[in-house]
Amino acid sequence: MDTGILVLRLLVGLLVAGHGVQKVSSHLGGDGLDGGAEEFRADGFRGGVLTALAAGGGQIGSGLLLAAGLLTPLAAAGTVGVMTVALTVKWHNGLWVQHDGYEYPLVLIGTAAALAALGPGAWSLDAALGLTPYPLWWAAVVLGAGVGSGLLARLVLHRPAAPAPAER
């Protein structure tokens with residue numbers, strides 16, 4: 001089981017961190033910080049550069065912590081939070097990713113919540129530092145805090161859509 005958890009942590013954690021790198025730099029196929037800022041503006045968010053830095057930094061930090069198995073509940077909550085924002089952006093497109101839907105963020109949210117419930121496994125920094133096992137109820141805290149912070153970020157940073165012009 002520990003091998004499976006390690007593989008899952010590395011896969012999800014490094015993908016989330018890489019996604020963050022793309023938001024703030026030209027590495028890993030990113031469009032640089034200006035491109036990340038423009039992406040958020042195009043999705044209706046305020047802040048531009050600051051929003052891209054916050055999102056990218058949150059993804060990089062939570063992804064690397066998750067991959068390392070360090071402070072796993074915090075890492076999972078951060079992943080759930082940033083992916084909740086992504087899910088809300090893609091919600092109107094439906095579930096499936098081929099239509100730019102929210103399938104991918106939903107999988108990352110579910111995986112991060114599962115890792116919070118399972119714990120980081122024996123091959124983790126949490127285990128090496130004696131921080132495990134985390135109690136199962138942490139998974140509920142992770143899911144609540146992550147979804148709540150993502151929805152709050154959406155509420156605070158997203159601009160309401162402009163009303164459609166009245167038809168004559």
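Guide: This is a predicted model. A residue to start with is Leu71, which is partly exposed, with a relative accessible area of 36%.

Visitor: What is the phi of Leu71?

Guide: Leu71 is not a glycine, yet its phi is positive, at about 50°.

Visitor: And where is Leu71 found?

Guide: Leu71 belongs to the loop between α3 (49-68) and α4 (72-90).

Visitor: Which loop holds Asp100, and what is its phi?

Guide: Asp100 is in the loop between α4 and α5 (103-118). Its phi is positive, about 60°, although Asp100 is not a glycine.

Visitor: Is Asp100 buried, partly exposed or exposed?

Guide: Asp100 has a relative accessibility of 42% and therefore counts as partly exposed, since that class lies between the cut-offs of 20% and 50%.

Visitor: Turning to peptide bonds, is the one from Thr132 to Pro133 cis or trans?

Guide: The bond from Thr132 to Pro133 is cis, and its omega is near 5°. Pro133 itself sits in the loop between α6 (125-128) and α7 (137-157).

Visitor: Now the helices: at what angle do α1 and α2 pack?

Guide: Helix α1 (residues 2-24) packs against helix α2 (residues 32-42) at about 100°, and their axes are 5 Å apart. The two helices are therefore roughly perpendicular to each other, as angles of 65 to 115 degrees count as such.

Visitor: Which residues meet there?

Guide: From α1, Gln22, Lys23 and Val24 meet Gly32, Leu33, Gly36, Glu39 and Phe40 of α2. Sorted by class, this contact comprises three nonpolar, three polar and two charged residues.

Notes:
Residues numbered from 1 in each chain as written. Predicted model: local features only at pLDDT ≥ 70, side-chain atom pairs only at ≥ 80, totals over all residues. Heavy atoms only, no water. Axes fitted to C-alpha atoms, helices over the stretch in contact; angles between N-to-C directions. Helix = DSSP H or I, 4+ residues; strand = E, 2+ residues; numbered from the N terminus. Parallel < 35°, antiparallel > 145°, perpendicular 65-115°, else oblique. Contact = heavy atoms within 4.5 Å. Nonpolar A, V, L, I, M, F, W, Y, C, P; charged D, E, K, R; others polar. Buried < 20%, exposed > 50% of the residue type's maximum accessible area, 1.4 Å probe, protein only.
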